[in-house]
Amino acid sequence: MTAGKETWSRTWHLVNYKPGEGLAARVYLALGPEHLAKGYDLIAPLLRSRGLNHRHARDPEALRAADAHPTWAGKAVVIDIPPGVDAGQLAHEVDAALADRGLTGPSHLAGARPVGGKSGLVFVRRFGPAAEADDRRQRLAKLLGE
Amino acid sequence: MAIMALACTGDPLLDLLLAECCSFSLRQTSCETLAEALQEVEEQKPTLFFISPALCENRPVLNLKGVRVCYLLEGAAPDELDADVLAAERITPELVDAWVRCPARPAQGSTTSARPQTLPPSPRSAQIPPPPPLRPTGEPASPQGAPLTPPAQPRTQPMPASRPLAARANASRSRPEPIRPALSVLRQQVVTFWGGKPGAGRSTLAVALSDLLSRAGGIRVCTVDLNPWNSSLAALVGKEQEVPSWFHLSEALARGGSFPPDSLRWVKPNWAILSGPDGRPDWVQHLTSQAIIWLVDGLRTQFDYIILDPEARPGEVRETAARLAQTLLLTLAPDYPDVLDTTRSFEAGLEQGIIDRGRCRLVLNRWLETPHLPSTDVADCFGIPVSLTIPAAPDLVVGATSQGVPVTQLDSQAGRSLVQALGGLAGLVAEPLIGAAPERGGLLKGLFGR
């Protein structure tokens, strides 16, 4: 995989492998500031091998400060999932990489739902029609008592 | 009516910073992506729309019609971005407010297509590295700190002094309204002088400080004469023959226009001054608190350091300058009444909340240590340490000022100790800059250790 283009913003370190790629979903890692570095280290090889555009808080202080923002609070690592990639499957792979490592983080992220794996740190949000379908599935599952 | 703004920068800390700005009313959004941002713009129809590189694939937004889009960029310079770019090493609410108060760029297709004036490659910007990634990712380093594109003729060329004033003024009026350049400010800071009686050396020190900063490489400096009656700055840099800046400034203020770049008098390509009204009643009446804020806002978009030289007299000019400044240089001469008066006005300023000790640096100018007025006692009066002592050298200073050159450019053997002492001025307002070049022994050694 070719190296991604790195950009720094006030909050983020952004790594873009494929600029201009569409966005079908986002996978979030809800890592606490103290586990940011360790958590990112665990999933970085996976992201690099798949060439997935992503961003992570540039340091624990930035992550702490971003907690004041209602939309971005707790979102330590954000992975952009392009169309054609199964966000659910990737979320479970990420979850498996983070499981049983003693990592902790917030249990709720705005606009995203937990994947519910072993780590409890991975959340998904879908965009576009897929998101509506996902919501419908969730409502149906709730009605059926699943 | 308040300007309505929408922020969807994709960067939470920038969004939070925008909430601190006072020139517009910010509508909070919960959008994370470009598609969501466009939907918000469609629904809310804001006047201003803030984005940043953290909102990936944001280029389609830059051409939105009916909304002024501001692209906030920290660190690296924009690469041929056809948008209003607010680029700074560190964006602050003041900088954003200044940008908002400036008129927008003309619409695309306009005949004026001046590209932003940017700085030459700055060794300092390269010295400020981006923070390292949490762990090495095996990927190339970020391009942050990349050199900016080369410039750089002064925005206004001085006109021949032989032309009559009215002709020169008409010539400047007939020029097309210059468009606001995209911002590219590295270290935006306002510095003001405070206290002392007339003749304590504030203007001389303002010129010396500006000269030092302008020689530090890649820094743009503007020195502003805020003395309504005894405006001496132009004479100190040999610009007294040029049209006073207040000719243009008072006209722009009277018609409620934007800051006129024609009012800048360029000493060097990266150092300009704004000369004072020099006692002309019709110009002096415009030198108000609002005018100073308007002036500084106009300059913020073009200069890294703005050095204000207000009058010594207490009043709205001095107070406004003190409120705007990040650093205040308390300048005193070895004169008991001067110390007493300045202490009183300093304490009054503290009580009124105009100044605070954290922003103040005590500078003893033309100092002659006497048993009756030791510098330690002076420091006790103000409750802050003496940051700099500049020895008295009246002959040298008079010699330099009469030639219209900054005292920091004295190259005689006799002037060496004075120049050495003055070198400390830059350190008072640009500490990070000094520390940025330890291998050269800092800026001071680089400039004066020869």
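Let me begin in chain A, where the axes of helix α1 (residues 36-50) and helix α3 (residues 87-98) come within 9 Å of each other and cross at roughly 135°. Axes here are lines fitted to C-alpha atoms, for helices over the stretch in contact, with angles taken from 0 to 180 degrees between N-to-C directions. That angle makes α1(A) oblique to α3(A); angles under 35 degrees count as roughly parallel, over 145 as roughly antiparallel, 65 to 115 as roughly perpendicular, and the rest as oblique. The crossing of α1(A) and α3(A) is right-handed, the term for a near helix turned clockwise from the far one by less than a right angle, with anticlockwise being left-handed.

On the α1(A) side, the contact is made by A:Gly39, A:Leu42, A:Ile43 and A:Leu46, and on the α3(A) side by A:Glu93, A:Val94, A:Ala97 and A:Leu98. Two residues are in contact if their C-beta atoms, placed from the backbone, lie within 7 Å. By class, the contact of α1(A) with α3(A) has 6 nonpolar, 1 polar and 1 charged residues. The classes are Ala, Val, Leu, Ile, Met, Phe, Trp, Tyr, Cys and Pro as nonpolar, Asp, Glu, Lys and Arg as charged, and the others, Gly among them, as polar.

A word on provenance. This is a predicted model: local features need pLDDT of at least 70, side-chain atom pairs count only at pLDDT 80 or more, and totals for chains, interfaces and linings use all residues. Residues are numbered from 1 along each chain as its sequence is written, while chains are lettered from A and ligands numbered from 1 in the order in which they are written.

Now the rest of chain A. Its secondary structure comes to 4 helices and 7 strands, which run β-β-β-α-β-α-β-α-β-β-α from the N terminus on. Helices (H or I, at least four residues) and strands (E, at least two) are DSSP runs, numbered from the N terminus. The 7 strands form an open sheet in the order β1-β2-β4-β5-β3-β7-β6, and the pairing is antiparallel. Its edge strands are β1 (5-8) and β6 (113-114) of chain A, each pairing on one side only. Two strands pair if DSSP finds at least two bridges between them. β2(A) and β4(A), residues 54-57, pair in the antiparallel sense over 4 bridges, with A:Trp12 bridged to A:Ala57 in β4(A).

Back to α3(A), which lies across β3, β5 (77-81) and β7 (122-126) of chain A and runs at about 165° to β7(A).

Which loop holds A:Tyr17? A:Tyr17 lies between β2 (12-16) and β3 (25-29) of chain A. With 19 C-beta neighbours inside 10 Å, A:Tyr17 counts as partly exposed. A residue is buried if 20 or more other C-beta atoms, placed from the backbone, lie within 10 Å of its own, exposed if 12 or fewer, and partly exposed in between. A:Tyr17 and A:His54 are 37 residues apart in sequence and 8.6 Å apart in space, C-alpha to C-alpha.

On to chain B, which has 18 helices and 14 strands. Of its 450 residues, 46% count as buried; for chain A, the figure is 42% of 146 residues.

An open sheet of 8 strands in chain B has the order β9-β10-β8-β11-β7-β12-β13-β14, with mixed pairing. Its edge strands are β9 (265-268) and β14 (386-391), each of which pairs on one side only. The twist averages 20° from one strand to the next. Within this sheet, β8(B) (residues 221-226) and β11(B) (residues 305-310) run parallel and are joined by 6 bridges, with B:Asp309 in β11(B) as the bridge partner of B:Asp225.

Elsewhere in chain B, strand β4 (residues 68-74) has 5 of its 7 residues buried, so it is largely enclosed by the rest of the structure. β4(B) is joined in parallel to β3(B), residues 48-51, by 4 bridges, and to β5(B), residues 84-88, by 5 bridges, again in parallel. B:Phe49 has B:Val69 of β4(B) as its bridge partner, and B:Glu74 has B:Ala88 of β5(B).

Last, a helix pair in chain B: the axes of α12 (residues 336-351) and α13 (residues 375-382) come within 9 Å and cross at roughly 25°. That makes α12(B) roughly parallel to α13(B).
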